[in-house]
Amino acid sequence: MAIVEKRADDSERVKYDYNGYMAYIRKGLLSNYPNFAADSHWHDDLEFISVLSGSMDYNVNGEILHLEAGQGIIVNARQIHYGFSISHNECEFYCILLHPMLLCTSQYIEHDFVSPLLSDNSLPYILLDHHTEWQSAILSDIEAMYSCRDKNNAPLYIQNAFYHIWILLTENAVKVRRMKKQDRNLSVLKDMLSFIQKNYAGKVTLQDIAAAGNVSKSTCLVIFKKYLQDTPTNYLIGYRLKRAIKLLKHSEMPITEIALSVGFGGVSYFAETFKKNYGCSPSEYKNK
């Protein structure tokens, strides 16, 4: 749920807050995302979410988790995830992304303490609740990282908190491991999402999306339903709309040009679809 750009393998490259130090720290509102939903994405960084008020649902590899105030989640590296609220409930939260290389000060630490957790398929995520002592301590560390983010020596405070979190995880991970093995269809889904995100501006069919994952159309539909609770076509339309919103916010392009540039065949269909999803026309949204 951060500001990102694409890597060569279509994972997302985070725009870090510090030059030379791989940390991204924000306080966010779910209402800042179109339709109260972030894009599904994955990256090399660990993602830390702490809910301050309200609630949100969080999808990790197709599993829906409900987070209330006083709760949070750690998403392991390269897991498909996003936060959302179907009912458009507001949620205020901390979002912190930290690259695991920050922990790897020696080969010994990387080999014995970092890589085992990163590569553990039984740990796609770890839920946090303030009623559990060690999880509450991690939530406090998340808050501390946010509080110190503007200090001149912020990376030192962040590094200290990150190591403390990692100590707690290595001591307690065995208690929260999930027995379900990593589903190979996750890599298939990543291939299909990458195809959509690269080609959304052109003509994209269900057959094209399925072919990107080297699966049949019926299997493609099953995978999208399982992991994203959506159809490939709806995901494609939603992705196009979110790209259109960025252009409405940050460019002076005419609406007709925006519609064509994000893959809609005509401005009428674009306007109709936009209003159906966001309750107003593109021009009304831009004026707001």
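Predicted model: local features only at pLDDT ≥ 70, side-chain atom pairs only at ≥ 80, totals over all residues.
Side chains of opposite charge can pair when their charged atoms come close. The count of salt bridges in the model comes to 6. One of these joins the side chains of Asp44 and Arg78, at 2.6 Å from N to O. Asp44 lies in the loop between strand S3 (23–29) and strand S4 (46–60), whereas Arg78 lies in the loop between S6 and strand S7 (81–84), so the pair ties together parts that are 34 residues apart in sequence. Arg78 counts as partly exposed, at 29% relative accessibility.

A salt bridge is also formed by Asp120 and Arg177, whose closest N and O atoms are 2.5 Å apart. Because Asp120 is placed in the loop between helix H1 (107–118) and S9, and Arg177 in the loop between helix H3 (154–176) and helix H4 (185–199), this pair ties together parts that are 57 residues apart in sequence. Asp120 counts as buried, at 16% relative accessibility, while Arg177 counts as partly exposed, at 36%. Elsewhere, Asp39, Lys242 and Arg243 are linked in a network of salt bridges.

## Strands S6 and S9

Strand S9 (residues 125–129) has 4 of its 5 residues buried, so this strand is largely enclosed by the rest of the structure. S9 runs antiparallel to strand S6 (residues 71–75), and 5 bridges join the two strands. Within this pairing, Ile74 stands opposite Ile126 in S9.

## Strands S4 and S7

Strand S7 is covered on both of its faces, with His81 and Gly83 buried on one side and Tyr82 and Phe84 buried on the other. S7 is joined to S4 by 4 bridges, and these two strands run antiparallel.

## Packing of H2 against H3

Helix H2 (residues 133–147) packs with H3 at an angle of about 160°, and the axes of the two helices are 10 Å apart. That angle makes H2 roughly antiparallel to H3. On the H2 side, the residues making the contact are Trp134, Gln135, Ala137, Ile138, Asp141 and Met145. H3 contributes Ile158, Ala161, His164, Ile165, Leu168, Leu169, Asn172, Lys175 and Val176 to this contact. The crossing in which H2 passes H3 is left-handed.

## Positive phi angles in loops

Asn61 has a positive phi of about 55°, although this residue is not a glycine. Asn61 lies in the loop between S4 and strand S5 (63–68), and with a relative accessible area of 13% Asn61 is buried.

His88, which is likewise not a glycine, has a positive phi of about 60°. The place of His88 is in the loop between S7 and strand S8 (91–98), where His88 counts as partly exposed, at 38% relative accessibility.

Terms used
Residues numbered from 1 in each chain as written. Heavy atoms only, no water. Buried < 20%, exposed > 50% of the residue type's maximum accessible area, 1.4 Å probe, protein only. Pairing = 2+ DSSP bridges. Salt bridge = Lys/Arg side-chain N within 4 Å of Asp/Glu carboxyl O. Axes fitted to C-alpha atoms, helices over the stretch in contact; angles between N-to-C directions. Parallel < 35°, antiparallel > 145°, perpendicular 65-115°, else oblique. Left-handed = near helix turned anticlockwise from the far one by under 90°. Contact = heavy atoms within 4.5 Å.
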